[in-house]
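Then follow the stops below.

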Amino acid sequence: MLEEFYIEPFAPGRIQWFGVDLMNIADLDTPSVVVDLDVLERNVRHMAERAGETGVRLRPHAKTHKIPEVARLQLAAGARGISLAKTGEAEVFAAAGFDDVFLAYPVVGAEKARRLLALSDRVRLAVGTDGVEGASSLGGVFHPAGRRLDVLLKVDCGYHRVGVSPESAVEVARRIADLPGISVRGVFTHAGHAYLATTREEVDAIARQEGEILAATAQVLRGAGLPVEEVSVGSTPTARGAMAVEGVTECRPGNYVYHDASQVSLGTCGIGDCAMTVLATVVSVPATDRAVLDCGSKTLSSDALRPRPSGHGWILGRKSRIDKLTEEHGVVRVEAGESFRVGEKVRILPNHACVVSNLHDRIVVARGDRVEGEWAVAARGKVR
Ligand SMILES: Cc1ncc(COP(=O)(O)O)c(C=O)c1O
């Protein structure tokens with residue numbers, strides 16, 4: 001079935017405004033989220049090449065874009081399957097024909113397990129778990145149906161969000177493997193703490209640890225007689241380093257398709273590697289040192305710049321920064337020597353692209369200033 005995807009022509013839908021095709025970004029109404037297809041395609045290709053060099057399978061986290069058309073580009077470039085977080089996201093992607101999904105999240109409860117059971121008829125499915133209670137709530141639905149659900153045990157490599165400690169992994173994995181209706185496919189981790197690293201050396205050290213801790217845990221599990229097929233790491237800043245570690249089999253970067261101001265601050269990429277910008281209009285200039293844009297937290301989200309919080313996105317080509325956000329307003333502190341005029345359009349590099357995706361029904365697709373069309377963000381807003 002997926003072969004059919006590969007040959008499907010890639011075609012964003014046209015954007016019309018009162019019956020006229022919009023051709024230039026400057027003609028778009030605001031706020032609009034714009035993705036540059038040339039940059040996106042290059043990002044997809046580069047990450048696929050990095051994975052290819054190490055022999056690690058790429059399973060991109062599609063939560064960043066939530067757009068089946070983008071995931072098709074990732075698969076066409078060599079990715080094997082996709083990662084998602086929410087059961088509802090998996091349902092959207094399964095309906096679009098994706099047949100290999102890992103929910104990299106500790107899914108818990110019979111309600112979601114019933115939906116996963118239905119999905120597992122047509123999707124090679126696995127979910128994350130970090131404990132017996134959660135896994136048992138899923139097995140309790142799969143076992144009576146005569147089915148088994150694959151799980152990957154989440155191991156904490158230093159982020160301290162979810163995941164078992166490496167020291168307790170064998171004991172927990174053994175108990176999960178004994179549960180009816182559950183099979184342990186492997187282990188996974190996410191080095192989210194890399195986003196707080198203030199030097200490139202620190203990011204690289206975290207990446208190495210991410211890979212080494214997980215690969216070592218997998219070996220201990222195998223030594224205890226537990227089959228570990230998948231050793232899955234991944235975040236955008238750590239992908240390159242973690243994939244280079246012997247024993248890692250899979251990587252799940254997400255943000256790399258778009259990048260954002262945080263990735264630039266972390267040194268993961270340059271501004272030219274950022275595919276997503278927000279087009280906004282200056283709606284008020286109430287003082288010489290203040291201008292207001294029509295993009296507030298509803299458009300940009302309130303996510304802070306990482307690793308050091310500072311402002312709410314970068315206005316491209318300007319030194320002035322968005323200082324304050326309310327729901328509908330982006331308040332700019334105008335730097336000396338710069339000025340803004342009402343009606344002027346500006347482009348903003350958001351702090352965090354993934355959350356911007358989740359706030360918008362559609363994104364505009366462009367090459368340079370030329371509008372190519374738009375894509376529906378089909379899996380946005382799926383909180384369950
Ligand atoms: C479990 C998990 N895996 C992978 C990713 C992808 O990381 P990034 O967006 O840094 O590429 C995330 C992002 O939050 C995640 O939570």
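In which loop is the place of Pro-31? Select the loop between strand S2 (20-21) and strand S3 (32-36): Pro-31 is there. Keep in mind that this is a predicted model. A cis peptide bond joins Thr-30 and Pro-31, with omega about -5°.

Next, go to the loop between helix H11 (297-300) and strand S14 (314-315), where Pro-307 lies. Select Arg-306 too. The peptide bond that joins Arg-306 and Pro-307 is cis, and omega is about 5°. Most peptide bonds are trans.

Move to the loop between strand S4 (57-58) and helix H3 (68-76) and pick Lys-66. Lys-66 is not a glycine, yet its phi is positive, near 60°.

Now the ligand. Select the 15 residues that surround it; the closest are Arg-161, Tyr-195, Thr-236, Arg-252 and Gly-254. Draw distances from ligand oxygen atoms to side-chain N or O atoms:

- Tyr-195: 2.5 Å
- Arg-161: 3.0 Å
- Lys-63: 3.1 Å

Last stop: helix H4 (residues 87-95) and helix H5 (residues 110-119). Their axes come within 10 Å and cross at roughly 20°. H4 is therefore roughly parallel to H5. The crossing of H4 past H5 is left-handed. Show side chains at the contact. From H4, select Thr-87, Gly-88, Ala-90, Glu-91 and Ala-94; they meet Lys-112, Arg-115, Leu-116 and Leu-119 in H5. Color by class: four residues in this contact are nonpolar, two polar and three charged.

Key. Residues are numbered from 1 along each chain as its sequence is written. This is a predicted model: local features need pLDDT of at least 70, side-chain atom pairs count only at pLDDT 80 or more; totals for chains, interfaces and linings use all residues. Side-chain values use heavy atoms; hydrogens and water are left out. Axes are lines fitted to C-alpha atoms, for helices over the stretch in contact, and angles run from 0 to 180 degrees between N-to-C directions. Helices (H or I, at least four residues) and strands (E, at least two) are DSSP runs, numbered from the N terminus. Angles under 35 degrees count as roughly parallel, over 145 as roughly antiparallel, 65 to 115 as roughly perpendicular and the rest as oblique. A crossing is left-handed if the near helix is turned anticlockwise from the far one by less than a right angle, and right-handed if clockwise. Contact means heavy atoms within 4.5 Å. Ala, Val, Leu, Ile, Met, Phe, Trp, Tyr, Cys and Pro count as nonpolar, Asp, Glu, Lys and Arg as charged, and the others, Gly among them, as polar. A residue is near a molecule or strand if one of its heavy atoms lies within 4 Å of it. A polar contact is a pair of N or O atoms within 3.5 Å; within protein, one must be able to donate a hydrogen and the other to accept it, and residues adjacent in sequence count only if both atoms are side-chain atoms.
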